[in-house]
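I opened this entry to keep a record of what I looked up, element by element, in the structure shown here.

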Amino acid sequence: MVGKLIVGVDLGGTQIRAALADGEGRIIHRTSCLTLAEEGPGRVMGRIKGAIYKMMGATDRGQVQGIGIVAPGPLDPWKGVIMDAPNLPGWKKVPLKDLMEEEFGLPVLVGNDANLAALAEQRFGAGQGIADLIYITVSTGIGGGIIADNRLLLGAQGLAGEVGHQTIEAHGPRCNCGNIGCLEALAAGPAIARRARELIKEGIETAITDLVGGDLDEITAREVNQAAQAGDPIAIEIFRQAGFYIGVGIVNLLHLFNPSLIVIGGSVAKAGDLLFEPIRATVRERAMASYYWENTPIVPATLGDDVGLLGAVALVLLLEHNSEYFDGLSTGLE
Ligand SMILES: [Zn+2]
């Protein structure tokens, strides 16, 4: 495996990114293009192939061990079939793994983006050497991955790890997923922006208003963070509240899985201590007993925007470890 290369693809609703990386997670070449998902699966598939060909062309084909693809869920990680991706219109039961294996004649592995981000952080990032960790991404949505005893928890149908859709407020706001009071509906970027708009409409003064020139529709979590970093007390309070809800969610996860590390990534996590301090305070206050949290640091992710690509790479690297995370995964190598 040493010296072998892997092509990783991050299929997102906005962008397709691809990279050629080595077994240490070092990216040697990369490319990206717009997904233009509205043009349908056929055209998007063509762009994915184009990106992979570009990466294959950058090396000797015999060096490429496999292709990993991270995609938005829900998907079947064993068969590599995208079931129904909300951000990719028309993608219903698309056999991505089979189509790409046919095209490239190499093993292709497909996984859920947030699940595989957990794998990436464990292999290359904040969680190296940790056998029990939970990764949470907080951005437009909240997703995650649970690694328990060195295995990525997939569940019976590969749908496990939806940490953002645990119910936090049983009578809270409706979530995009259809459930009520999900963590995502309370603490993801859009919820943070919504809270800012509500407060401004109530007549509360905050620097956020000036950052968008008074156009409240322009408010995103980014502006709230900008104001918070500059010391705006309202913006700080909005992050404190989001951190509180995330902390409540993490208490659930600590009680259920007893991990030894929690890693938090995603654009909203860029708020740093303004988000992490209320998270940690809530966990200390609410967890059943101190042994659930005192040896379980809650830390920022370290892989940044490359976490998807590196998740795809980490997935292919499982092939050398007897599929220790993916028991029964069809690797195409048997
Ligand atoms: Zn939900």
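The entries below go from the sheet to the helices and then to single residues.

**Ground rules.** I am working with a predicted model, in which local features need pLDDT of at least 70, side-chain atom pairs count only at pLDDT 80 or more, and totals for chains, interfaces and linings use all residues. Residues are numbered from 1 along each chain as its sequence is written, and side-chain values use heavy atoms, with hydrogens and water left out. For elements I follow the DSSP runs, numbered from the N terminus, with helices being H or I of at least four residues and strands being E of at least two.

**The sheet.** I looked up the strand order and found five strands forming an open sheet, S3-S2-S1-S4-S8, with mixed pairing; two strands pair if DSSP finds at least two bridges between them. Its edges are strand S3 (27–34) and strand S8 (108–112), each of which pairs on one side only. From one strand to the next the twist averages 15°. As a reminder to myself, strands of a sheet pair through backbone hydrogen bonds, either parallel or antiparallel.

I then took two pairs in turn. Strand S1 (residues 5–11) runs antiparallel to strand S2 (residues 15–22), and seven bridges pair them; within this pair, Leu5 stands opposite Asp22 in S2. S4 and S8, by contrast, run parallel and are joined by five bridges, and here Ala71 stands opposite Asn112 in S8. I also checked how covered S8 is, and five of its five residues are buried, where buried means under 20% relative accessible area, exposed over 50% and partly exposed in between, with a 1.4 Å probe and protein chains only.

**Helices on the sheet.** Which strands does H1 lie across? I find H1 across S1, S2, S3 and strand S4 (64–71), running at about 25° to S2; axes are lines fitted to C-alpha atoms, for helices over the stretch in contact, and angles run from 0 to 180 degrees between N-to-C directions. Helix H10 (residues 307–317) also packs on the sheet, touching S1, S2, S3, S4 and S8, and its direction makes about 135° with that of S1. Contact, here and below, means heavy atoms within 4.5 Å.

**H3 against H10.** Helix H3 (residues 113–124) packs on H10 at an angle of about 80°, their axes being 7 Å apart. The two are therefore roughly perpendicular, since angles of 65 to 115 degrees count as such, under 35 as roughly parallel, over 145 as roughly antiparallel and the rest as oblique. Among the residues making the contact I noted Leu116, Leu119 and Phe124 of H3, and Leu310, Val313 and Leu317 of H10. By class the contact holds 11 nonpolar, one polar and two charged residues, where Ala, Val, Leu, Ile, Met, Phe, Trp, Tyr, Cys and Pro count as nonpolar, Asp, Glu, Lys and Arg as charged, and the others, Gly among them, as polar.

**H8 against H9.** The axes of helix H8 (residues 233–257) and H9 come within 7 Å and cross at roughly 45°, which makes H8 oblique to H9. Their contact has 14 nonpolar, four polar and two charged residues. From H9 (residues 273–286) I picked out Thr282, which counts as buried because its relative accessibility is 5%. Beyond its neighbours within four places in sequence, Thr282 is in contact with Gly243, Phe244, Gly247, Val248 and Val251.

**H7.** I listed the buried residues of helix H7 (residues 221–229) as Ala221, Glu223, Val224, Asn225, Ala227 and Ala228. These pack against helix H5 (189–201), helix H6 (207–211), H8 and H9. Gly231, whose phi is positive, near 95°, follows H7.

**Single residues.** Most residues other than glycine have a negative phi, and most peptide bonds are trans. Leu36, although not a glycine, has a positive phi of about 45°; it sits in the loop between S3 and H1 and is partly exposed, at 31% relative accessible area. Asn258 likewise has a positive phi of about 45° without being a glycine, and its place is the loop between H8 and strand S12 (261–265), where Asn258 is partly exposed at 47% relative accessibility.

Is Lys54 buried or exposed? Lys54, in helix H1 (residues 41–56), is exposed, because its relative accessible area is 54%.
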